[in-house]
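Keep the model open beside you as you read.

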Amino acid sequence: MAKKTQHKFATKVIHSGGHPDEETGAIMPPIYQTSTYVQSSPGKHKGYEYTRSHNPTRSRLEECLADLESAKYALVASSGLAIASLILHAIPEGSTILCGDDVYGGTYRLLTTVFNKTHNVVFIDTTDLKRVEEKLKELKPTLFWIESPTNPLLKITDIKKATALAKKYKAMSIVDNTFMSSYFQKPIELGADVVFHSMTKYLNGHSDVVGGCLMTNKKSFYDKVWTLQNSMGPSQSPFDSWLVLRGLKTLAIRMEAHQKNAKKVAQYLEKHPKVERVVYPGLKSHPQHRIAKSQMSGFGGMITFFLKGDIKKSRKFLEKVKLFALAESLGGVESLIEHPAIMTHASIPKTVREELGIFDNLIRLSVGIEDCDDLIEDLEKAFKSI
Ligand code: P1T
């Protein structure tokens, strides 16, 4: 069980899970780059037997992550989808999973090509709470999976109300908090049973690690996923855990900088004659702006916009930006741009994508922390070329 501290967030990211190395006084945690640990007698050890099961560097990261979301337990794995798989393996076969309809393409693929063989998977617009209640009542799902804001449409679900409904109908609620990071949104405090992150994104923040984590107060669930991790083996390497611990230290200031730039870019795009529509939770025009304001302490660095034009224009625009790198992923210090229909959400069938509103003129930005004038100039040059 991780130690909960009373510190403020910016202190927690730097100090939680951190204490000077007992042997040397080193202020930074050592990277315990070891696969195994010496025992004094069979079964007599210092709490560590084998790195797939436990590793001191990973333990420190887990302690810090738990504290960030006021949770007792955290588990780290080798990717966001590895954590998602452990969660899905932890619920009984034959269970129903009620899942948000606009989720990361990889989560959709995991649910529709792997876990659909053992579970009944139903997608729903989780922003529509009336419909959510109807489905919870009708299907009695074991798991209610919410992504908020969603990837890539940035739809916002009222987490307090949605998780209260899940509780009423005895479903375990899980919130994918990747887009906001623990800095801007704390789903456990809003009522979620489990929080899930792709650490590849904001938590690490430097586009040099793939990783995932979950946080929860439910000991029995944590024990189950830990046992699965130990049995199935998707543990994160000590070095990657160390990199995330290092990246986390600047999470608070990075998120503020992402948000500051994203707000300016969203306002610029909203006025642009070549843009059809901009989606950013911080804009008054966002359909759930009021909910975003009430449950998030900021609006993050992700923007989705629809270009006026077709796939050819989108392609040209994406080829012309220079500072925004055309790449999948998000949440790093550098700005990224991508085309969900061709890239991150290609595994969702076109008809489903278009029903959701993921059209060929939809472009997603992960606004980095560079000088914002340079970012806007880069976009302006690309607009001029189309
Ligand atoms: O890539 P991985 O660390 O396995 O995490 C998967 C994942 C889970 N949840 C959300 C909301 C995500 O955005 C992701 C990964 N997303 C991308 C790679 C992307 O470009 O959208």
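N151 places a polar side-chain atom 2.9 Å from an oxygen atom of the ligand, while an N or O atom in the side chain of K201 is 3.5 Å from a ligand nitrogen atom.

A word on the ground rules: this is a predicted model, in which local features need pLDDT of at least 70 and side-chain atom pairs count only at pLDDT 80 or more, whereas totals for chains, interfaces and linings use all residues. Residues are numbered from 1 along each chain as its sequence is written, and side-chain values use heavy atoms, leaving out hydrogens and water.

Now look at the whole shell. The ligand is surrounded by 18 residues, the closest being D176, S198, T200, S329 and R364 (near means that a heavy atom of the residue lies within 4 Å). Four of the shell residues are nonpolar, nine polar and five charged. Domain 1 (9–248) and domain 2 (251–385) each contribute at least three residues to this shell, with bounds from an automatic or database domain assignment.

D176 leads us to β5 (residues 172–176); strands are DSSP E runs of at least two residues and helices H or I runs of at least four, numbered from the N terminus. Five of the five residues of β5 are buried, so this strand is largely enclosed by the rest of the structure (buried means under 20% relative accessible area, exposed over 50%, partly exposed in between). M172, I174 and D176 cover one side, S173 and V175 the other. β4 and β5 run parallel, joined by five bridges, and E147 has D176 as its bridge partner.

Between β4 (143–147) and α6 (159–168), the loop holds D158. A polar side-chain atom of D158 lies 3.1 Å from the backbone nitrogen of K161.

Finally, five strands form an open, mixed sheet in the order β8-β9-β12-β11-β10, where pairing takes at least two DSSP bridges. Its edge strands are β8 (275–279) and β10 (325–326).

Technical notes:
Polar contact = N/O pair within 3.5 Å; in protein donor to acceptor, adjacent residues only side chain to side chain. Nonpolar A, V, L, I, M, F, W, Y, C, P; charged D, E, K, R; others polar. Buried < 20%, exposed > 50% of the residue type's maximum accessible area, 1.4 Å probe, protein only.
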